[in-house]
Amino acid sequence: MKLKWAYLAFLTGIAGLLAGCEPLLVLNPKGPQAETTANVIWLSIFTMSFIVVAVLVMLAVILFKYRASKQDPDYEPPHIEGNKYVEGIIVTIPILIVAFLSVVSTISTHQVESPPEGYSEDEPVVIYASSSNWKWHFSYPEQDIETVNYVFIPTNQNVEFRLYSHGTISSFWIPQLAGQKYAMADMTNYMNVVAEEPGEYMGRNSNFNGEGFAENEFTVTALPPSEFDSWVEDIHNTADPLTEEKFEELLEPGHLGQMTFTGTHLEFKPAPEGENSPHDHGGSSDSEENGGHHHH
Amino acid sequence: MDFFDRFTIPPHDDPMLYASIVAIGLVSIAIVFGVTYFKKWGYLWSEWLTTVDHKRIGIMYIISALLMLFRGGADAVMMRLQTAVPDNSFLDAQHYNEVFTTHGVVMIFFMAMAFIIGMMNFVVPLQIGARDVAFPRLNALSFWLYFAGAMLFNLSFVIGGSPDAGWTNYYPLAGTDFSEHVGVNYYNWALQISGIGTLMTGINFIATIMKMRAPGMTLMKMPMFTWSALITNLIIVFAFPVLTIALLMGTLDRQFFTNFFTTGDGGMDMMWANLFWIWGHPEVYILILPAFGIYSQIIATFSQRNLYGYKSMVASMVIISLLSFMVWVHHFFTMGQGAVANSIFSITTMAIAVPTGIKIFNWLLTMWKGKIRFTTPMMYSVAFIPLFTIGGVTGVMLAIASADYQYHNTMFLVAHFHNVIIPGVVFAMIAGLIYYWPKMFGFLLNERIGKWAFWNIVIGFCLSFFPMYITGLNGQARRMYTYSEASGFGPLSMVSFFGALLLAVGFALIVYNVYYSFRYAPRNVGDDPWNARSLEWATHNPVPEYNFAITPNVNSSEAFWDYKKNGHDLFKGGIKDIHMPNNSGWSIILAGIFFVFAFCFVFHVWVGVIIAFVGIISCLLYRSFEKDDGHHIHKEEIEETEKKFGGAE
């Protein structure tokens with residue numbers, strides 16, 4: 001009995017803490033991809049609480065009813081082998097729940113792996129995000145600029161991040177905009193992100209990659225397309241060009257803060273995609289299809 | 001001296017580290033001095049270090065597991081202390097990285113594995129009415145290889161530096177480009193030699209269970225723990241060779257300049273992740289199935305009822321073992337293999353919830369119409385059911401690939417796997433230890449202290465890990481040595497730290513309980529202190545060397561219950577001479593040479609490697625030509641022993 005009350009008290013405590021806090025980042029989405037995952041998470045929390053509550057109630061009732069101190073000292077518990085109807089039920093219910101969640105998982109995974117609905121027709125803004133210990137380099141091939149540890153994106157436009165690494169495996173994550181994906185040295189990953197609200201969002205590498213991992217963060221600023229364009233223009237007027245020599249310097253392990261350049265490192269150090277990928281993963285058409293990515 | 005430079009640890013400005021080195025040195029000296037002073041070397045050598053008795057090997061595994069639990073637990077408390085407040089500087093980043101890597105490796109390989117293998121060693125031969133395992137000498141070698149691996153790993157702390165790439169040891173981070181010092185070499189070799197020991201255990205126990213069951217015990221009449229042990233060992237035999245080869249490839253990369261997992265020259269870093277988890281996910285079930293077995297025994301005993309749905313319990317474990325090899329990709333949904341592959345692995349992963357759910361309901365139905373006694377082992381089992389359910393359903397949440405893109409690498413994941421491993425494996429092992437304590441030592445552990453420990457551990461567990469679900473959803477990545485105040489992770493991390501302290505108090509109480517009960521507990525507990533049901537309780541407490549004076553005759557999975565309640569004739573015929581295996585120092589010597597071999601390999605001391613290799617081959621040759629027919633315990637001696645326990649059956 002004590003047990004049950006301890007749990008109840010604890011769960012209430014947790015709920016209280018939850019209610020008292022700011023909305024949690026993952027459950028406070030600012031774009032369609034993160035919204036899909038937030039909805040899936042809420043749906044799974046509700047489904048799963050149903051199971052947890054059912055088990056808790058059954059356990060509490062059984063412990064209350066069949067505890068030895070409450071029973072006749074002469075009571076001899078019966079020998080029960082099992083019952084095919086009861087066992088049928090305890091197999092069927094989990095199967096139904098899992099089948100339901102399998103459908104949810106398959107649909108939502110396809111959703112977040114493709115450009116969000118309503119944005120799939122437009123040409124995406126392409127930004128290469130590459131990691132080095134312990135920095136993020138953002139290259140804009142069309143705008144011909146490069147930033148370090150911060151990225152500006154236009155709102156309400158599909159941004160295609162192309163992820164890779166100059167060394168260790170890292171994981172590119174902007175909790176309020178989209179779930180994460182790995183950046184690795186020998187292949188390029190693709191991720192579609194749309195921000196529907198202007199604002200500044202936290203982004204980070206979530207995959208442990210050594211001593212400077214904790215500070216391996218960046219900021220994402222989403223701003224209306226017109227402001228985005230003038231930001232690009234500003235950079236062309238003020239920033240220095242990125243030279244190969246300078247870029248090699250940036251790759252040295254350490255932390256750099258935020259930096260801005262014109263030009264991108266892709267010109268002298270291309271991303272590992274297409275013919276530059278050391279593993280063509282069994283033919284390029286195949287790998288692209290598997291990546292859920294459609295080239296134009 | 002260039003040669004000796006390699007043995008120094010990488011510079012740390014950390015007084016804690018030097019304090020620990022001094023502490024380790026002092027404890028070692030104290031142990032050697034103590035054993036010498038009390039003139040116990042002879043006893044230790046002839047009764048323990050050379051033993052081939054499965055019960056003693058089991059006890060040695062469990063003692064080692066407990067030592068490792070405290071080592072890994074100290075790491076855990078240090079981590080929670082470092083992250084209790086924002087921008088803390090108790091540990092620096094490098095030290096924190098070594099601490100969490102060590103915590104993971106020690107807890108999985110040297111604590112949990114040793115605990116379940118120790119439990120199987122002690123219980124399985126008794127449950128099937130055997131005198132020992134199929135290959136007793138090999139069994140001793142398994143233990144000593146495990147022990148050599150564990151000691152080698154712990155040595156990294158003071159000589160050369162600990163591994164720092166996480167217990168998952170992902171390349172290229174673990175490669176020489178990013179982790180230059182010998183830490184990862186230690187990882188490779190410590191896991192390699194203890195892994196070989198585990199593989200031999202797998203073979204040994206499959207042979208034991210398939211060939212040495214008492215007359216009448218068909219497969220479907222085996223007690224549930226033995227079933228879980230059989231399936232676990234089958235998984236071991238299929239999964240561990242993958243780890244062996246992956247570690248070898250890692251060693252070749254680091255020490256012989258090959259390019260299996262490097263990022264250039266045709267290497268593929270994610271190959272390691274795949275191989276690691278092809279072993280690693282079955283490993284999860286290697287740990288949890290024996291725990292399920294223990295719970296099945298305990299819940300049936302203290303509900304005073306037979307286990308509900310025996311057949312579906314067995315079937316669900318078989319299904320789990322098959323599915324366990326089909327889900328490894330869920331450890332890196334974020335690798336970019338696309339929606340189709342992720343959906344498939346998402347579904348196979350969720351499918352495991354079905355057989356697991358069946359087991360939960362079967363345990364509930366075992367208690368239904370029972371007569372439940374709340375002893376300490378039962379309290380752990382009762383707490384296990386809801387806590388493990390929470391761990392299980394969060395596992396289903398993680399299995400939804402799209403949502404996993406948000407949970408992956410976060411504290412949510414850390415909360416989940418501790419939520420299955422602690423109430424699942426750790427509670428089961430503590431419960432099992434308390435339950436089988438009288439079988440091991442002939443007295444009961446104190447229930448009052450035991451219950452205090454229980455409440456500390458359960459509440460400490462909840463306080464430690466439930467907050468992590470929340471900070472994970474709030475964007476806290478795992479393995480960060482610190483975080484800013486603005487992140488808002490501070491208050492809940494502080495709660496976690498308090499939880500860790502309660503857990504530490506709980507475990508300390510368990511140790512105190514052992515001391516207290518050893519001094520004060522009554523010794524006349526009899527052979528059946530729990531009113532138990534399965535065959536292992538049909539012999540004496542503590543169990544005599546030969547296990548059963550007369551080989552039992554079994555007619556059900558609850559042979560002892562049938563004997564007590566239904567007048568089943570368990571022991572037919574009279575006492576005869578019993579054939580037993582001889583003790584041997586061969587296993588510990590061979591494992592010692594393996595230790596030297598691996599240590600020299602870690603540091604590229606090739607002369608030592610070659611000499612040790614010759615030593616290993618010599619030991620194997622010696623064993624091949626050795627003649628050892630074992631010995632007999634004579635009838636009179638057995639009768640004498642049985643009389644001391646209050647008469648033969």
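Because the model is predicted, local features need pLDDT of at least 70 and side-chain atom pairs count only at pLDDT 80 or more, while totals for chains, interfaces and linings use all residues. Residues are numbered from 1 along each chain as its sequence is written, and chains are lettered from A, with ligands numbered from 1, in the order in which they are written.

We begin with chain B. Chain B has 21 helices and 2 strands, where helices (H or I, at least four residues) and strands (E, at least two) are DSSP runs, numbered from the N terminus. With 649 residues, a compact globule would have a radius of gyration near 26 Å, and the 25 Å of chain B agrees with this; the radius is taken over C-alpha atoms, and the globule rule is 2.2 Å times the number of residues to the power 0.38. Along its principal axes, the C-alpha trace of chain B spans about 70 × 60 × 50 Å. Buried residues make up 59% of the 649 residues in chain B; a residue is buried if 20 or more other C-beta atoms lie within 10 Å of its own, exposed if 12 or fewer, and partly exposed in between, with C-beta atoms placed from the backbone. Of the contacts in chain B with a separation of 6 or more, 82% are between residues 24 or more positions apart, a contact being two residues whose C-beta atoms, placed from the backbone, lie within 7 Å. In an unreviewed entry, UniProt lists residues 39-555 of chain B as "domain: Cytochrome oxidase subunit I profile", and such annotations, given in the numbering used here with shortened feature names, may be inferred rather than shown by experiment. Over residues 39-555 of chain B the chain is 68% helix and 0% strand, and the end C-alpha atoms are 48 Å apart.

Chain A has 6 helices and 12 strands, and 39% of its 296 residues count as buried. The domain assignment of chain A gives domain 1 (2-113) and domain 2 (125-290), with bounds that come from an automatic or database domain assignment. The contact between these domains takes 11 residues from domain 1 of chain A and 13 residues from domain 2 of chain A, and on the domain 1 side α2(A) gives the most, with 4 residues. For chain A, an unreviewed UniProt entry lists residues 40-64 and 85-107 under "transmembrane region". Residues 40-64 of chain A are 100% helix and 0% strand, with end C-alpha atoms 36 Å apart, and residues 85-107 of chain A are likewise 100% helix and 0% strand, with end C-alpha atoms 33 Å apart.

The strands of chain A come next. Strands of a sheet pair through backbone hydrogen bonds, either parallel or antiparallel. In chain A, an open sheet of 7 strands has the order β8-β5-β1-β2-β3-β12-β11, with mixed pairing; two strands pair if DSSP finds at least two bridges between them. Strands β8 and β11 (240-241) of chain A stand at the edges, each with a single partner strand, so one side of each is left without a neighbour in the sheet. Even so, β8(A) (residues 189-193) is mostly covered, since 5 of its 5 residues are buried. A:Asn189, A:Met191 and A:Val193 point one way from β8(A), whereas A:Tyr190 and A:Asn192 point the other way. Strand β5(A) (residues 159-165) runs antiparallel to β8(A), joined by 5 bridges, and A:Glu160 has A:Asn192 as its bridge partner in β8(A). By contrast, β1(A) (residues 125-132) and β5(A) run parallel and are joined by 7 bridges, with A:Ser130 partnered by A:Tyr164.

Finally, we turn to the place where the chains meet. In the model, 82 residues of chain A are in contact with 82 residues of chain B. The elements of chain A that give two or more residues to this side are α1 (2-20), α2 (32-65), α3 (84-113), β7 (178-183) and β9 (199-205), and the largest share, 18 residues, comes from α3(A). By class, the side of chain A that touches chain B has 47 nonpolar, 27 polar and 8 charged residues, where Ala, Val, Leu, Ile, Met, Phe, Trp, Tyr, Cys and Pro count as nonpolar, Asp, Glu, Lys and Arg as charged, and the others, Gly among them, as polar.
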